[in-house]
Amino acid sequence: MGIAVTLHTILIFAIMVPSLASLVGSLGNLLTTSTLVILSHAVLGSLVEVLGLYLVLAWALNHWNVKVCHGNKRFMKPTIILWLIEIALGTYVYILLYVPL
């Protein structure tokens, strides 16, 4: 999971944040479907990133103790479910922005 969170963090700062920053001026009306999907992807993605970082750091700071990992199990299932939703939303955002329809 540490590798996945690290890769996710790198992709967020290298690709997603600059892409969102370039779109901010062109988002225009905040009530369009595209804008709401993009902003919900950004907000939900931030939440997933924080949850992932919390889980990895809690485990790492406790010397990779498996008991700590089991203690945070209540956060793991929501994190993976939200992460999967994020993959679907991210795919939809990509299609909206870059695939000619």
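These are my notebook entries on a predicted model of one chain.

**Ground rules.** I number residues from 1 along each chain as its sequence is written, and for side-chain values I use heavy atoms, with hydrogens and water left out.

**Confidence.** I looked up pLDDT, the predictor's confidence in each residue on a scale from 0 to 100, and found that the chain averages 85, with 92% of the residues scoring at least 70.

**Whole chain.** I took helices (H or I, at least four residues) and strands (E, at least two) as DSSP runs numbered from the N terminus, which gave four helices and zero strands. The C-alpha trace spans about 50 × 25 × 20 Å along its principal axes. I call a residue buried under 20% relative accessible area, exposed over 50% and partly exposed in between, using a 1.4 Å probe and protein chains only; buried residues make up 25% of the 101 residues. Taking contact to mean heavy atoms within 4.5 Å, I noted that, of the contacts between residues at least 6 apart in sequence, 66% join residues at least 24 apart.

**Helix H1.** I followed H1 over residues 2-23, which is 22 residues, and its first and last C-alpha lie 30 Å apart, close to the 32 Å expected when 1.5 Å is multiplied by one less than the number of residues. H1 has a kink of about 40° centred on Ile 12, where the bend is the angle between axes fitted to the seven residues ending there and the seven starting there. Ile 12 is also one of the buried residues of H1, along with Val 5, His 8, Ser 19 and Leu 23. I then asked which helices the buried residues of H1 pack against. They pack against helix H2 (33-61) and helix H4 (73-98).

**His 41.** I found this residue in helix H2, and His 41 counts as buried because its relative accessibility is 18%. Not counting residues up to four places away in sequence, His 41 touches Glu 86, Leu 89, Gly 90 and Val 93.

**Aromatic pairs.** My rule pairs rings of Phe, Tyr and Trp (its six-membered ring) if their centres lie within 6.5 Å, and planes under 30 degrees apart count as stacked, over 60 as edge-to-face and the rest as tilted. By this rule I counted two pairs. The rings of Tyr 54 and Phe 75 are edge-to-face, because their planes stand at 80°, with centres 5.4 Å apart. This pair links distant parts of the chain, since Tyr 54 is in helix H2 and Phe 75 is in helix H4, 21 residues apart. Tyr 94 and Tyr 98 form a tilted pair, 5.2 Å centre to centre and 45° between the planes. These two tyrosines are four residues apart in helix H4, so about one helical turn separates them. Tyr 94 is partly exposed, at 49% relative accessibility.

**Ile 81.** I located Ile 81 in helix H4, and at 44% relative accessibility it counts as partly exposed. From Ile 81 to Leu 97 I noted 16 residues in sequence and 24 Å in space, C-alpha to C-alpha.
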